[in-house]
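Good morning, everyone, and thank you for making the time.

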Amino acid sequence: MTKIILKKGRDESLRRFHPWVFSGAVAQIVGQPSEGDVVGVFDHEGNFLAYGHYQIGSIAVRVLSFSGEDVLGPGFWVNMIGKALKVREAAGLANGLETNCFRLIHGEGDGLPGLILDWYDGVCVMQAHSVGMFRAKGAICEALKTVFGDKLKAVYDKSSGTAPFKAGLDLIDGYLFKADGFSDDEQIVLENGNKFLVNWTEGQKTGFFLDQRENRALVGRYSKGRNVLNLFCYTGGFSIYALRGGAVHVDSVDSSKKAVDMVGRNMVLNGYGDDTHNDICADAIDFLRDVPEDKYDLMIVDPPAFAKHRGALSNALRAYQRLNAAAISKVAPGGLVFTFSCSQVVDKEAFALAVFSAAAQTGRSVRILDRLNQPADHSVNIYHPEGEYLKGLLLYVE
Ligand code: SAH
């Protein structure tokens, strides 16, 4: 196995269990690793530190184990997936009764950097973000079969948009496994008793935004008697919860035609009709510009990540400020705004500051009623705080 020897003094973050080795910390590579190979990492005196996936780029190694256990055999994946499942069970997500979809592996948060596995009632959708995880997909699929047995209906690899493109990698999405008789590319899942159609081949990301489960439930609790505007609605997650919570009327807006079509199908599935809901295919910012003041007394603002890397940070903060100022200025007196950012590089302080500036710009009196987060199945490894990405505020606008 290739050995990666670190420069003197550059082993400290690994000793604190941070799972990345930056290329600048590497003194010497003993061997000729291919990208995605498992390598051993050692300090400058030759002491073992970790095993991980090697990749060319600013992160040279993504750590799989600090203990020296065998990370090459099938037992490793079975063990890691089994441990992650236990966490979801502890969080009450894996009983299958009210909720049968959850994130099973959240990368570094579950000790498997570069791997996302989402569970949709027996269908496991994988997104590899590293060459190592992409190359391990066969082993991961076998481990899923071992852990879930008959419960596993299919494993779908959707890494073409997430794995780094490298020559020799066959980045074509497709099924790694299908149980006998399973043929669909979509199915209905349950989230807190609400039904949602998830289509992993056509949908965004793995098909559904599992990370808003708890925040959707909160919206439901505040919706009674309110006129709701759900901006950036995707397949209508927040809208269904709002109606179930007693909203008078909900308008759902998204710029993706495919997403808006799914909102309509989800409404039918849950028994809601045109009398209480409109789905609108439009740019959310244009739509907000034409919204009459006082029409809506609950707004949800959940845009896609405005900053995907540090370089885009200041533009993103300005965009969050503009968008939130528009929402805060239009919400009816006594109204609520649930506002979110899923940009990892925008931390919660920076987001709160952008929303603060937005509120100040409108001159309205605004209270923070709640601070919102990602749920338990989007777990954050305490040694890798970068895993925290979803943040939100619940505002009351006088
Ligand atoms: N709130 C959603 C997830 C939102 S993801 C949920 O609970 O499932 C962000 C959404 O914003 C995507 O559906 C994307 O199609 C949409 N989007 C991106 N840019 C947009 C724009 N300018 N106007 C409206 N929708 C937009």
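Predicted model: local features only at pLDDT ≥ 70, side-chain atom pairs only at ≥ 80, totals over all residues.

Which domains does the domain assignment of the chain give? It gives domain 1 (3-65), domain 2 (74-185) and domain 3 (209-397), where the bounds come from an automatic or database domain assignment. Residues are numbered from 1 along each chain as its sequence is written, and side-chain values use heavy atoms, with hydrogens and water left out.

Returning to the domains, the C-alpha centres of domain 1 and domain 3 lie 40 Å apart. The contact takes five residues from domain 1 and four residues from domain 3, contact meaning heavy atoms within 4.5 Å.

As for secondary structure, the chain has 10 helices and 20 strands, which are DSSP runs numbered from the N terminus (helices H or I, at least four residues; strands E, at least two). The radius of gyration, taken over C-alpha atoms, is 22 Å, close to the 21 Å that the globule rule (2.2 Å times the number of residues to the power 0.38) gives for 398 residues, so the chain is as compact as a globular protein of that length. Along its principal axes, the C-alpha trace spans about 65 × 50 × 40 Å. Of the 398 residues, 54% count as buried, that is, under 20% relative accessible area, with exposed meaning over 50% and partly exposed in between, for a 1.4 Å probe and protein chains only. Among contacts between residues at least 6 apart in sequence, 65% join residues at least 24 apart.

Now to the two residues. Not counting residues up to four places away in sequence, Asp 110 touches Met 80, Ala 84, Arg 88, Leu 104, Ile 105 and Ser 379.

Asp 121, for its part, lies in the loop between strand 8 and strand 9 (123-128), and at 26% relative accessibility it counts as partly exposed. Its contacts, leaving aside neighbours within four places in sequence, are Asn 100, Lys 153, Gln 187 and Val 189. Asp 121 and Asn 100 are 21 residues apart in sequence, yet 5.1 Å apart in space, C-alpha to C-alpha.
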